[in-house]
Amino acid sequence: MALIVFIGELFGNLKCSPRLRCKNNEESLIHALKECPKVREILTIGGLNNRFLDGSYGRRIDWMEDILHKLDSKATADFFTLLWNCWNSRNMLVFQKKEDLARMVWEMAHSQ
Ligand SMILES: [Zn+2]
């Protein structure tokens with residue numbers, strides 16, 4: 001639980017970048033980690049259950065708690081590694097204009 005709170009406080013609320021080809025002007029953390037088209041593609045490649053991707057969660061902590069209740073410890077570690085790689089890929093695109101294909105992001109996360 002503390003890790004989830006830490007992640008929320010660390011990243012706070014964000015604005016989605018036009019470079020991400022996303023039509024969402026106002027962005028929450030749950031948008032950046034679950035709903036933005038590129039991250040959805042990566043999470044789908046990673047095999048995240050559609051229920052977790054399509055479910056409606058008002059707060060990011062509800063989404064993460066739902067996932068953490070269903071995943072075992074190995075899958076949880078893989079999930080956070082994948083989220084971290086999504087975040088890094090997003091930052092590379094926004095700040096350095098370098099775009100990784102969704103499959104490449106998943107493969108980088110999978111190899112760690
Ligand atoms: Zn977006």
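Me: What percentage of the 112 residues in the protein chain is buried?
Reply: This is a predicted model, in which local features need pLDDT of at least 70 and side-chain atom pairs count only at pLDDT 80 or more, while totals for chains, interfaces and linings use all residues. Residues are numbered from 1 along each chain as its sequence is written. A residue is buried if 20 or more other C-beta atoms lie within 10 Å of its own, exposed if 12 or fewer, and partly exposed in between, with C-beta atoms placed from the backbone. Of the 112 residues in the protein chain, the buried share is 20%.

Me: Among contacts between residues at least 6 apart in sequence, what percentage joins residues at least 24 apart?
Reply: Two residues are in contact if their C-beta atoms, placed from the backbone, lie within 7 Å. Among the contacts in the protein chain between residues at least 6 apart in sequence, the share joining residues at least 24 apart is 47%.

Me: Within what arc do the buried residues of α3 fall?
Reply: In α3, the buried residues are Lys38, Val39, Ile42 and Leu43. The arc is that of the directions from the helix axis to the C-beta atoms. Seen down the axis of α3, these buried residues line one face of the helix, because they fall within an arc of 130°.

Me: Against which helices do the buried residues of α3 pack?
Reply: One of these residues, Leu43, touches Leu48, Leu53 and Leu82, not counting residues up to four places away in sequence. Taken together, the buried residues of α3 pack against α2 (29-35), α4 (50-54), α6 and α7.

Me: Is Pro37 buried, exposed or partly exposed?
Reply: Pro37 is in helix α3, and it touches Arg21 and Cys22, not counting residues up to four places away in sequence. Because 14 other C-beta atoms lie within 10 Å of Pro37, this residue is partly exposed.

Me: How are α3 and α7 oriented to each other?
Reply: Axes are lines fitted to C-alpha atoms, for helices over the stretch in contact, and angles run from 0 to 180 degrees between N-to-C directions. The axes of α3 and α7 come within 9 Å and cross at roughly 50°. Angles under 35 degrees count as roughly parallel, over 145 as roughly antiparallel, 65 to 115 as roughly perpendicular and the rest as oblique. The orientation of α3 and α7 to each other is therefore oblique.

Me: What is the handedness of the crossing of α6 and α7?
Reply: Thr81, Leu82, Asn85, Cys86 and Ser89 in α6 meet Val105, Trp106, Met108 and Ala109 in α7. A crossing is left-handed if the near helix is turned anticlockwise from the far one by less than a right angle, and right-handed if clockwise. The crossing of α6 and α7 is right-handed.

Me: What arc do the buried residues of α7 cover around the axis?
Reply: The buried residues of α7 are Ala102, Val105, Trp106 and Ala109. They lie on the same side of α7, because the arc that they cover around the axis is only 95°.

Me: Which value is phi of Lys97 near?
Reply: Lys97 lies in the loop between α6 and α7, and it is exposed, with 8 other C-beta atoms within 10 Å. Most residues other than glycine have a negative phi. Lys97, a residue other than glycine, takes a positive phi near 60°.

Definitions and conventions
Helix = DSSP H or I, 4+ residues; strand = E, 2+ residues; numbered from the N terminus.
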